[in-house]
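Please keep the chain and its fold in view while reading this note. The points are meant to be checked one at a time against the picture.

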Amino acid sequence: MEILVLWDHSAPQGLQLPFTRALSGVLGLEVRVVDNSIPVNGYVGARRQVDAGQTLDSLDIYRHRSGISSPVLLVVSRDLFCKGQEFVFGLARPDVGVAILSTFRLENEYYGLPHDDDALLDRMVKEAAHEIGHLVSLHHCLEEECIMHNPLTLEDLDRKRRHFCSLCEEKLNSGKFR
Ligand SMILES: [Zn+2]
Ligand SMILES: [Zn+2]
């Protein structure tokens with residue numbers, strides 16, 4: 001099984017290669033990154049945010065029309081929200097195999113701190129592995145250091161390690177090749 005990552009032109013450039021390597025290492029799966037060609041729609045002017053659900057609708061249609069069988073993750077830089085939540089780092093729709101992640105709140109700059117590529121990359125890899133975990137039917141985990149722990153803040157995300165706890169790892173391995 002391969003994971004296809006669509007990298008939007010707005011997303012941080014130059015990180016594709018280290019991202020691919022790190023994510024592939026965490027998941028134990030092939031990861032392929034290509035330039036994104038679908039429009040990131042669902043922008044809500046009043047919130048200055050993108051409705052992640054709407055973007056996933058387009059991604060679902062794109063994946064279906066293109067006959068892609070791999071799970072697909074879209075990486076964008078726009079701030080995301082979904083119904084009932086002020087913001088989300090990312091969102092997955094496991095029934096159709098599509099997910100999205102935003103770098104907006106993963107950047108130090110958002111919190112008034114100096115730019116740090118390593119911190120950004122680390123957060124992106126954890127958040128990507130989390131959403132892909134959902135795509136292979138993993139649920140949220142109570143173990144704070146596990147990739148599948150639901151991060152509500154940047155501190156939560158930074159506390160996590162780049163690994164799945166033994167229980168989630170087991171589920172990941174059984175979900176991977178279905
Ligand atoms: Zn989650
Ligand atoms: Zn876990």
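This is a predicted model: local features need pLDDT of at least 70, side-chain atom pairs count only at pLDDT 80 or more; totals for chains, interfaces and linings use all residues.

1. Residues are numbered from 1 along each chain as its sequence is written, while chains are lettered from A and ligands numbered from 1 in the order in which they are written.

2. Helices (H or I, at least four residues) and strands (E, at least two) are DSSP runs, numbered from the N terminus. Two strands count as paired if DSSP finds at least two bridges between them. In general, the strands of a sheet pair through backbone hydrogen bonds, either parallel or antiparallel.

3. One open sheet has five strands in the order E2-E1-E5-E9-E8, and its pairing is mixed. Strand E2 (30-35) and strand E8 (90-93) are at the edges with a single partner strand each, so one side of each has no neighbour in the sheet. From one strand to the next the twist averages 20°, where axes are lines fitted to C-alpha atoms, for helices over the stretch in contact, and angles run from 0 to 180 degrees between N-to-C directions.

4. Within this sheet, strand E1 (residues 2-7) and strand E5 (residues 72-76) run parallel and are joined by four bridges, with Leu6 opposite Leu74 in E5. Helix H2 packs on the sheet, touching E5, E8 and strand E9 (98-102), and its direction makes about 135° with that of E9. Helix H3 also packs on the sheet, where it touches E1, E5, E8 and E9, and the direction of H3 makes about 160° with that of E9.

5. Strands E8 and E9 pair in the antiparallel sense over four bridges, and Ala92 has Ala99 in E9 as its bridge partner. The hairpin of E8 and E9 has four residues between the strands, and Gly97 there takes a positive phi near 75°.

6. A second open sheet, of four strands, has the order E3-E4-E6-E7, again with mixed pairing. Its edges are strand E3 (43-44) and E7, each with a single partner strand, so one side of each is left without a neighbour in the sheet. Strand E4 (residues 49-51) runs parallel to E6 and is joined to E6 by two bridges, whereas strand E6 (residues 80-82) and strand E7 (residues 85-88) run antiparallel, also with two bridges.

7. E6 and E7 form a hairpin with two residues between them, and Gly84 in the turn has a positive phi of about 85°. Helix H2 (residues 52-65) lies across E4, E6 and E7, at about 50° to E4.

8. Which residues touch the most other members of the largest nonpolar core? Among its 49 residues they are Leu73 and Ile100, and helix H3 (residues 117-135) gives the most to this core, with six residues. A nonpolar core is a set of buried Ala, Val, Leu, Ile, Met, Phe, Trp, Tyr and Cys residues joined through C-beta atoms within 7 Å. A residue is buried if 20 or more other C-beta atoms lie within 10 Å of its own, exposed if 12 or fewer, and partly exposed in between, with C-beta atoms placed from the backbone.

9. Ile68 lies in the loop between H2 and E5, and it counts as partly exposed because it has 14 C-beta neighbours inside 10 Å. Leaving aside neighbours within four places in sequence, Ile68 is in contact (C-beta atoms, placed from the backbone, within 7 Å) with Leu4 and Arg63.

Definitions and conventions. Two residues are in contact if their C-beta atoms, placed from the backbone, lie within 7 Å.
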